[in-house]
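The exercises below are to be worked with the sequence and the 3D structure at hand. Try each task before reading its solution.

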Amino acid sequence: MAVHMTRSNEIQGSTAGRLLDMLLPRPSSTFLLRCAEAPGAILVVDRAVPPSEGRKAVLSTDRGLRLATLDSRFESSSVWGVVTWVIRDPS
Amino acid sequence: MGDTGPVLKPCGRLLALCDCNNFFVSCERLFRPDLEGRPVVVLSSNDGVVIARSNEVKALGVKMGEPYFKVRAFLERQGTMVFSSNFQLYEEVSARVMAALRRVTPSMEVYSVDEAFLELPPSADLSPLEWGKDVRSMLFRETGIPVSVGIAPAKTAAKLAADRAKKHPETGGAFALLPGEPWDDFLLDVPVEDVWGIGRRWSDFLRRRGISTAIRLRDARDDWVEKHLGVRGLRTKWELAGIRCFSVEEQEKPQKSIQSSRSFASPVRSRECLAEAVTEFAIVAGRRLRAQQSLAGSLSVSISTSRFRMPFYGRRAEVVIDPPTDSDIHLIRAAVESLSSIYLDGHDYEKAEVGLGCLSSARRPQLFLFPQREDRGSALSRAVDRLNREAGRPLLLPAVLLGEKAWRPRKDRHSGFRLEDLEKLPVISGEGV
């Protein structure tokens, strides 16, 4: 299934459209990722959200992108994006 | 033609060229921060030639368009990461870059998948260069794609400014050629073939006549330039003096013809396989035709064997489509019929192409009181386009194209990522959620 995040389409104004607006308020900076440790879940990651302590974030590391909770010593430059929603597998 | 002074004056308005750095490579690196600083290349379909290089690969001297088999061993020794092209990902990333740019400009022209010309907004508190740097950092923060920004009163000069920004990191990724400032030192360093629109076509001619740099072209006589390079060349020359001759074209101009072609992964012998390939190319061309709201009045098919093996066989057939159509059903029928007229048994075909020509607007006034039968094929094709777009992949396609096809391009090193297809999202590791 395709999620058209940057395209205006017929769903604008509908419930589905409002749901997308809520989940993806900034389509051009929002990315959907999956996490190997949580099969079925989808991470909604916004690169434009300023990172802060205690938030879940995706970090750039020399072993690839990694999901982590930011502690007080985090470096902004290593934050790839901030997790804004986690869509969980209902099971 | 005499002095340009009285007719056209250098213009105070500025425009910017935003040019994504090594775009395909940057797209592949988006989810692979471990590839930062490592040599990366992207290959054309069938992994034939190098079509994008990271800076590290450029520094190694590997050229654009280099056949992969020639540089493969060398690239491997250098620890190069090699990707098959993932054009769907690049288009998705491009759509985001363009959407983000649209927010910062009153008017913009998407020039290619990785370049856009932007009219600078009237802004009192920022210098043009600061504005360019802001756009650059906004774009990287939001989309993850590094760009170079060139600012100037004219497109040709903005192109050169963006080149300078790209090649000289000390510029911070943005460079401005402002009206009223001297450009001579800058243009002195620019080889004439680097000027937009000059290229190899004119540079040999110009160099033979002593015009080897941009500044010499700018200072050449108008009548001489027009005589030898035409009006387009003369405008290029004026643009190097900061006079805007090419405007920012917001509306995408519809293409005058549409081609869809490919080399096969392995040679194709049978008429049936060739017909499958030609059907697929006709469908791809048809989708582009409908996307630009055009109808095709002619269709051509070309097939050829390898140019490196004798005997060579290559033929082209063209048929008139009357009335013009945008229906896949009609396009496929015309393509298969054309193929039959040129297909010869016993050859190993390596390449085929479908071309659509005599394009006219699909939005012209209705000529018939009652819709003709052809319109049903057109409506069906549009419905298929819509469904496939929503699915993010070809959900509906002719039955002959189902399943594995040996002629489809090899993509051995495909990253497989997509931004908007839930089945192909990048997977990361880390703590549980």
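Buried area is the accessible area, taken with a 1.4 Å probe, that two parts lose on being put together, summed over both. The model is predicted, so local features need pLDDT of at least 70 and side-chain atom pairs count only at pLDDT 80 or more, while totals for chains, interfaces and linings use all residues. Residues are numbered from 1 along each chain as its sequence is written, chains are lettered from A and ligands numbered from 1 in the order in which they are written, and side-chain values use heavy atoms, with hydrogens and water left out.

**Exercise 1. Describe the interface of chain B and chain A.**

Step 1: area. Chain B and chain A bury about 3300 Å² between them. Carbon and sulfur atoms account for 54% of this area.

Step 2: residues in contact (heavy atoms within 4.5 Å). Chain A gives 40 residues to the contact and chain B gives 33 residues.

Step 3: A salt bridge is a side-chain nitrogen of Lys or Arg within 4 Å of a carboxyl oxygen of Asp or Glu. By this rule the interface of chain B and chain A has zero salt bridges. A polar contact is a pair of N or O atoms within 3.5 Å; within protein, one must be able to donate a hydrogen and the other to accept it, and residues adjacent in sequence count only if both atoms are side-chain atoms. The interface has 13 residue pairs in polar contact, both residues being at pLDDT 80 or more.

Step 4: elements. Helices (H or I, at least four residues) and strands (E, at least two) are DSSP runs, numbered from the N terminus. On the side of chain B that touches chain A, at least two residues each come from helix H4 (87-102), helix H5 (128-143), helix H13 (374-391) and strand S14 (427-430) of chain B.

Step 5: composition. Ala, Val, Leu, Ile, Met, Phe, Trp, Tyr, Cys and Pro count as nonpolar, Asp, Glu, Lys and Arg as charged, and the others, Gly among them, as polar. This side of chain B has 14 nonpolar, 13 charged and six polar residues.

**Exercise 2. Which strand of chain A is joined to S14(B)?**

Step 1: rule. Two strands pair if DSSP finds at least two bridges between them.

Step 2: pair. Strand S4 (residues 64-69) of chain A is joined to S14(B) by two bridges, and the strands run parallel. Leu67(A) has Gly430(B) as its bridge partner in S14(B).

Step 3: setting. Chain A has one helix and five strands, in the order α-β-β-β-β-β from the N terminus on.

**Exercise 3. Which residues of helix H8 (residues 199-208) of chain B are buried?**

Step 1: residues. Trp202(B), Ser203(B), Phe205(B) and Leu206(B) are buried.

Step 2: cover. H9 and helix H10 (222-239) of chain B are among the elements that cover the buried residues of H8(B).

Step 3: a residue of H9. Arg218(B) has its place in helix H9 (residues 214-218) of chain B and is buried, with a relative accessible area of 16%. Leaving out residues up to four places away in sequence, Arg218(B) touches Asp184(B), Leu187(B), Lys237(B), Leu240(B) and Ala241(B).

Technical notes:
Buried means under 20% relative accessible area, exposed over 50%, partly exposed in between (1.4 Å probe, protein chains only).
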